[in-house]
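Hi,

Here is the structure I promised to pass on. Have a look, and my notes follow below.

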Amino acid sequence: MQIVAASEIAEMIFDNATVIPGGFGCCGHPDLFTEALQARFESTGHPNSLNLLFAPGAGDKAGKGLDRLAAKGMVKQAIGGFWGFC
């Protein structure tokens, strides 16, 4: 198994990509990945216009989880389960 840094994975995501971060609720959400995507978008404006598909409640209403992807222009379309924690 190869270990790859979250920032390296974030660099592989292209504009208009479909992102499926995984996890259920606040459990198992890949916070390091969404944090790295947020940092890349804030510094470069990419990736943008993402299509987001997620399971129920992948946030915490306090800036973690999918909340990190809420920057204007970052997500074009979002399809998800329970939105109450996003």
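A quick definition before the notes: buried means under 20% relative accessible area, exposed over 50%, and partly exposed in between, using a 1.4 Å probe and protein chains only. By that cut-off, 33% of the 86 residues of the chain count as buried.

Bear in mind that this is a predicted model, where local features need pLDDT of at least 70, side-chain atom pairs count only at pLDDT 80 or more, and totals for chains, interfaces and linings use all residues. Residues are numbered from 1 along each chain as its sequence is written, and side-chain values use heavy atoms, with hydrogens and water left out.

Now the fold. The chain has two helices and three strands (DSSP runs numbered from the N terminus: helices are H or I with at least four residues, strands E with at least two). Along the sequence they come as α-β-α-β-β. The radius of gyration, taken over C-alpha atoms, is 12 Å, close to the 12 Å from the globule rule for 86 residues, so the chain is as compact as a globular protein of that length. That rule is 2.2 Å times the number of residues to the power 0.38.

On to the sheet: the three strands make an open one, ordered β1-β2-β3, with parallel pairing. Two strands pair if DSSP finds at least two bridges between them. β1 (18–19) and β3 (75–80) are the edge strands, each pairing on one side only. Between β1 and β2 (residues 50–54) there are two bridges, in the parallel sense; T18 has N51 in β2 as its bridge partner.

Cheers
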